[in-house]
Amino acid sequence: MDISAGGGGNSLPTTGADGSKRRVCYFYDAEVGNYYYGQGHPMKPHRIRMTHALLAHYGLLDEMQVLKPHPARDRDLCRFHADDYVSFLRSVTPETQQDQIRALKRFNVGEDCPVFDGLYSFCQTYAGGSVGGAVKLNHGHDIAINWAGGLHHAKKCEASGFCYVNDIVLAILELLKYHQRVLYVDIDIHHGDGVEEAFYTTDRVMTVSFHKFGDYFPGTGDIRDVGHSKGKYYSLNVPLDDGIDDESYQSLFKPIMGKVMEIFRPGAVVLQCGADSLSGDRLGCFNLSIKGHAECVRFMRSFNVPVLLLGGGGYTIRNVARCWCYETGVALGHELTDKMPLNEYYEYFGPDYTLHVAPSNMENKNTHRHLDEIRSRLLENLTKLRHAPSVQFQERPPEAEQPEGLLYLSCYHGTMLT
């Protein structure tokens, strides 16, 4: 295994506070890299295959339970999405889309969210991995990973921002069957609007999004948007400006998330690790290093609460693969060597062939004063929460049909890869 020895400053204990080894499972379907949004489109599922190759050559696949996700069924997707929207996704093809112009417009499928070959299978695969990861956490795993998931913009009745099915909402709904409170954290450069909207009026799910705000897609995520009704103050938005660096980012992330964990006390955490917040992203304008981005994973892992790690945005695909490989190492408690092992996509990582890339010298438009104001305001909002809201816990809904009893866990939500 190409993992450096020695306890560097970023190395992590493999065991939790209770001394038990972290149980990590990882969902991957070899077909996912074949889906293609179309020429010139920035979203490239191929990045998932590149990530997987790095995981293999760093020896990390041997450290995890590797699972092939079972495709999510219509009824699984309809736990959040409208029946007619799911039916449309299932039936539309590049050949038939011209006959469905009204439906394309109604469901916001077109330029940003194009119809492509295998679209519905793609949705079933990435959603199946996230829901399967939630099931694994519900049954004893400490960390579950689905880098194909994290498509946070999809709405109940429409596609948005390269996202068709909101696998995150579906995974959280699965976690809520076993946990009274679930925390969602989003470090993609774009606001996690679809997830926030889905849980805006409940106190059982807290959403926290760190994102670029101001004339930037999707345009939501104002610091004043805090939730509604029972969900008031259970939505936290951290609006950021161009060029934010590791130090500035962590000066907000750690105090805010530390206080959230103390007050909300979630039974499980979902962390969307969109890599478009990295320096040099094709669509992004932040200046985070891979270690700075991964520090968020390390920090959330340190609370010893079950964590579901998901992908998301990320459009400079060589850096996306670097980031998610490194963050898998963080999840496992391993510090990876910077020198990259030979792999199928080695030429993508030249000229340095290293895991880490230096951030740029771009201007950080986030002043210390502005960051202090944001932190103070959000910490004040958190004081308005009741500590750990008590929920009348209903009889647990079924996980779906389980004709084979517990065998369902391995047969339905994931099949062991050989």
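User: Which residues lie nearest the centre of the largest pocket?

Analyst: This is a predicted model, so to speak only of what counts: local features need pLDDT of at least 70, side-chain atom pairs count only at pLDDT 80 or more, and totals for chains, interfaces and linings use all residues. Residues are numbered from 1 along each chain as its sequence is written, and side-chain values use heavy atoms, leaving out hydrogens and water. A pocket is an open set of points on a 1 Å grid over the protein atoms alone, with protein on both sides within 12 Å along at least five of seven lines, and lining residues have an atom within 4 Å of a point. The largest pocket is lined by 17 residues, and those nearest its centre are H153, G161, F162, H190 and Y315.

User: What volume does the largest pocket have?

Analyst: By class its lining has seven nonpolar, seven polar and three charged residues (Ala, Val, Leu, Ile, Met, Phe, Trp, Tyr, Cys and Pro count as nonpolar, Asp, Glu, Lys and Arg as charged, the others, Gly among them, as polar). Grid points are joined across faces, edges and corners, and a volume is the space filled by probe spheres set on the points. For the largest pocket, that comes to about 180 Å³.

User: And what is the volume of the largest cavity?

Analyst: A cavity is a set of points where a 1.4 Å probe fits but cannot get out. The structure holds four of 30 Å³ or more. Residues V32, Y37, M43, P45, R47, I48, F122, A148 and L151 line the largest cavity, which has a volume of about 60 Å³.

User: Is K177 buried or exposed?

Analyst: K177 sits in the loop between α6 (167-175) and β4 (182-186). Buried means under 20% relative accessible area, exposed over 50%, partly exposed in between (1.4 Å probe, protein chains only). With a relative accessible area of 4%, K177 is buried.

Notes. Helices (H or I, at least four residues) and strands (E, at least two) are DSSP runs, numbered from the N terminus.
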